[in-house]
Amino acid sequence: INHHCAIKTIEVNMDFASPVAAMEFGKLIRRGNGIEDLHVSASSSIDDSTVIIEALAHGLATPPEEDEFDSEGGLTKLKLSHFDLDRDAIDVLCSNIIHKEESRIKFVDLSGNNFTVRGDLLGEALFGSKSCLETVAIGKNEEFWLGMFDPSFFSKLAYNTTLDTLLLVDMGYFSTRQAAALADALCHNTTLQELHIEDNANMNEVELLALTPIFRHNTSLERFSLVGNNIGDLEAFSFAEAMCDNSAATNLNHLALNENCIGEFGAEALAEMLRECKTMKSLSLTNNEIDDLGAMHIADAISQSRTIEEIHLDENSNIGIEGEEALLRSLRRNMSLQRFSMRNDENHADRTLEVNDEIDKCLRMNKLAKKLIKPDWDKPIPPALFCDKLAYLTTSERDHEAKGQVGKVFSVLLARMDILVSHMPS
């Protein structure tokens, strides 16, 4: 660890560590060249975990000696798990890491700990004006969210200016008041760019709908993941409608709704969102309940979109041949998609191989068309080579596939009139 090495992540259990050992270990990790991620765990066998956390934090915060080289890299992420985190432990973390501007640790993961501190005080520590953190992860603690949670935990998020990523994963219990408090804070926040609310299978319809104002009013979020939250058609419709209302101001470009219960009507609403929200680049709907009709709605939106770059519809077992064909037709018309998948383990192997080959071909055509429209001006495409590549766009073993590329050809021609002019006879 004292020398340059390829180790990026270290996991250590502190069950039998003394405070002195914890401090020296912290100093060693701080000096370690290339180590970026430290995961420290404990168990109930530790009598006073606050003492261990204090010693470790002091070690991590110890400035280098005069003759000690302080590398430019170093630890950027700290994860603590299975500790009893009381007010004193949080204060120690704040004074040595969370509120310390010179600390390089900007990602703190406190998932899976036993909190014995009031929610408003924890919120002040993590999201208040003194916090220097850029990423916070919290969850996997049902007792905290169920018993001690104060909705004001999220209130400081409204005016936080340093945090760009928040992960709320497997929280066990998330009430309507808590969801509404989070939504209210994020309606005012102007800097958070990425939000993950994932694997909260106990969230019901009312709690999910309480998150809708985030879609309607937030203007800073770029990536939003709602994976594994029992989201059905009603919630998907509500989210999509709110996004459409906010289409002029939103910056959201990535929406993940995997492992939910979205069917035909939810897919129809999300398809309308793709038409209205020109910022949307990526939509992931893997492992839902979308059927042929839902796939057709999405296919229609793909055909019309000039901005969507990535869509995933894997493991939607209700999508049959009719839905697949509609999606393939839309891919032949679309020019913007760079990544697309709809793998389904229940499909026949030969059919899956044929579909995947067609998808790959369409995506290759898109990349070629994009390159022709926006070439590298340092290495311009010679007119003759341009014409050869343009001809390739209409080359196909089947007539219907060639016709599907005609729109791409015309788009390329319209965008590159300079090539056409240079080919005209004098």
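Is histidine 82 buried or exposed? With a relative accessibility of 52%, histidine 82 counts as exposed (exposed is over 50% relative accessible area, buried is under 20%, and partly exposed is in between, using a 1.4 Å probe and protein chains only). Before going further, note that this is a predicted model, where local features need pLDDT of at least 70, side-chain atom pairs count only at pLDDT 80 or more, and totals for chains, interfaces and linings use all residues. Residues are numbered from 1 along each chain as its sequence is written, and side-chain values use heavy atoms, with hydrogens and water left out. Helices (H or I, at least four residues) and strands (E, at least two) are DSSP runs, numbered from the N terminus.

- Most residues other than glycine have a negative phi.
- Aspartate 170 has 33% relative accessibility, so it counts as partly exposed.

**Helices H1 and H2**

- Two packed helices are described by the angle between their axes and the distance between the axes.
- H1 (residues 19-31) packs against H2 (residues 49-61) at about 30°, and their axes are 7 Å apart (axes are lines fitted to C-alpha atoms, for helices over the stretch in contact, and angles run from 0 to 180 degrees between N-to-C directions).
- That angle makes H1 roughly parallel to H2 (under 35 degrees is roughly parallel, over 145 roughly antiparallel, 65 to 115 roughly perpendicular, and the rest oblique).
- On the H1 side, the residues in contact (heavy atoms within 4.5 Å) include Ala22, Met23, Phe25 and Ile29, and those they meet in H2 include Val51, Ile52, Ala55 and Leu56.
- Sorted by class, the H1 contact with H2 has 10 nonpolar, 3 polar and 2 charged residues (Ala, Val, Leu, Ile, Met, Phe, Trp, Tyr, Cys and Pro count as nonpolar, Asp, Glu, Lys and Arg as charged, and the others, Gly among them, as polar).

**Helices H3 and H4**

- H3 (residues 87-98) and H4 (residues 119-127) pack at about 10°, with axes 10 Å apart.
- H3 and H4 are therefore roughly parallel to each other.
- Arg87, Ile90, Cys94 and Ile98 of H3 make the contact with Leu121, Leu122, Ala125 and Leu126 of H4.
- By class, this contact of H3 with H4 has 7 nonpolar, no polar and 1 charged residues.

**Helix H12**

- H12 (residues 321-333) has 13 residues and spans 19 Å from first C-alpha to last, close to the 18 Å expected at 1.5 Å a residue (the expected span is 1.5 Å times one less than the number of residues).
- Among the buried residues of H12 are Gly323, Glu324, Leu327, Leu328 and Arg332.

- Threonine 162 lies in the loop between helix H5 (142-148) and strand E8 (165-169), and at 31% relative accessibility it counts as partly exposed.
- Threonine 162 and cysteine 132 are 30 residues apart in sequence, with their C-alpha atoms 6.1 Å apart.
- Not counting residues up to four places away in sequence, threonine 162 touches Ser131, Cys132, Leu133 and Glu134.
- Glycine 74 is in the loop between H2 and strand E3 (77-81), and its 7% relative accessibility makes it buried.
- Glycine 74 and arginine 104 are 30 residues apart in sequence and 7.3 Å apart in space, C-alpha to C-alpha.
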